[in-house]
Amino acid sequence: MSIDVPTTGRALPELQPVRFIGADGQPADTPTEGLTLPDVRTLLGLHRQMVHVRRFETQVTALTKQGRLATYPSAAGQEATEVGATTALGPTDWLFPTYRDSAALLTRGVPVAEILAAFRGDWHCGFNPYEYHTSPAATPLATQTLHATGFAMASKLKGQGACTLTFFGDGASSEGDAHEALNFASVWQTPTVFVLQNNQYAISTPLRAQSNATMLADRAAGYGIPGLRVDGNDVAAVFAAVSAALERARGGEGPTLIECLTYRMESHTNSDDPTRYRDSAEVDHWKRFDPIDRVEKYLRSRGVLDDEGNEEILASAEVLAASVRDAMSTDAEIDPTEIFAHVYASPRPGLREQQAMLEAELAEAGRR
Ligand SMILES: Cc1ncc(C[n+]2csc(CCOP(=O)(O)OP(=O)(O)O)c2C)c(N)n1
Ligand SMILES: [Mg+2]
């Protein structure tokens, strides 16, 4: 008896990540998997947005240290992945982000105060997901990957044509939810792009203690979908790879897994001390691969960015930083009992009890 051995969908991604622009700002001499280098206009826009989101991250981190926000996970160092992937989305596609992805929310056009409402503890989610075609940022790891698959399936069934993109981390990639999301995305051929942000750490757990695989993108072959390994600090490579994956998704060719190699430059959140588990030499090493420096050098060498142009971008980033400070020094008018709304379609007895307790406390304090 002979057994038919399927031979399709089993190609492993290249070990060397896709890279268009090297750390020195020069065109890289590496395989680009048939992807197209974005034009200079697109790169200028991506560079500007990365400068903005970095300024946003440093400003929010500073405000956290002043106690204006309860907690904040910065994506400093990961700007190319955040901005490159999000910019590739169409306005009616849907983004499914995590707590790490405020930079993506900013890129999606969500106002600063609305992004930060959840981190300040004011609301579950400060923005209207339907307005920005962006789901609330998920804190339970990898749950958003399931939402991205399910939403894309619904979009496909309804013939709405929306693609979904979800970010998830190297740590989250070990969760069962991530496996289920990737598997069913493949089985149902949903129009979903899975962007695995491999920033080398899951809080204090380094990648080598998280997975023994040669690379995380290899998993795509096991699901029967294309996988790609990309230099996550090269915005040109991320934008090109995600754009191509979205094009495939739109053409009915199903999901793609893209592993973006990057590095978390800051602590996990403001409550974490990274010097306890990684040394400064490692951080210094990654500084050499800074995502903004390299595209800036590239654009300067192409003669499309000069000191004056760069000063204008930096000045506009300062305007953004001032708006972050303003938003966080204004106390929002909040009805504390609203925290119970929109949690369940029909409230659970335990929650009803807690709400009654809060209302009694507020009445006692004369706030009702
Ligand atoms: C289901 C679940 N388990 C554990 C946690 C606690 N937790 C929060 S962040 C984190 C590490 C996640 O690392 P990674 O997926 O690599 O994302 P990163 O923070 O590096 O962006 C853990 C374990 C959680 N939020 N959800
Ligand atoms: Mg990580």
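Predicted model: local features only at pLDDT ≥ 70, side-chain atom pairs only at ≥ 80, totals over all residues.
The chain contains 13 helices and seven strands. Its radius of gyration is 21 Å, close to the 21 Å that the globule rule gives for 368 residues, so the chain is as compact as a globular protein of that length. Along the principal axes, the C-alpha atoms of the chain fill a box of roughly 75 × 65 × 45 Å. Of the 368 residues, 42% count as buried. When contacts between residues at least 6 apart in sequence are considered, 75% of them join residues at least 24 apart.

Two packed helices are described by the angle between their axes and by the distance between those axes. For helix 1 (residues 40-65) and helix 11 (residues 291-301), the angle is about 145° and the axes are 10 Å apart. The crossing of helix 1 past helix 11 is left-handed. On the side of helix 1, the contact involves Leu43, Leu44, Leu46, His47, Met50, Val51 and Arg54. Helix 11 contributes Pro291, Ile292, Val295, Glu296 and Leu299. Sorted by class, this contact of helix 1 with helix 11 comprises nine nonpolar residues, one polar residue and two charged residues.

Around ligand 1 there are 14 residues, of which Leu141, Gly169, Gly171, Ala172 and Ala202 come nearest. The shell around ligand 1 is made up of six nonpolar, five polar and three charged residues.

Glu312 is part of helix 12, which spans residues 307-329. With 11 other C-beta atoms within 10 Å, Glu312 is exposed, because a residue with 12 or fewer such neighbours is classed in this way. Glu312 and Arg48 are 264 residues apart along the chain, and their C-alpha atoms are separated by 9.7 Å.

Key
Residues numbered from 1 in each chain as written. Chains lettered and ligands numbered in written order. Near = placed C-beta within 6 Å. Nonpolar A, V, L, I, M, F, W, Y, C, P; charged D, E, K, R; others polar. Axes fitted to C-alpha atoms, helices over the stretch in contact; angles between N-to-C directions. Helix = DSSP H or I, 4+ residues; strand = E, 2+ residues; numbered from the N terminus. Left-handed = near helix turned anticlockwise from the far one by under 90°. Contact = placed C-beta atoms within 7 Å. Rg over C-alpha atoms; globule rule 2.2 N^0.38 Å. Buried ≥ 20, exposed ≤ 12 C-beta atoms within 10 Å, placed from the backbone.
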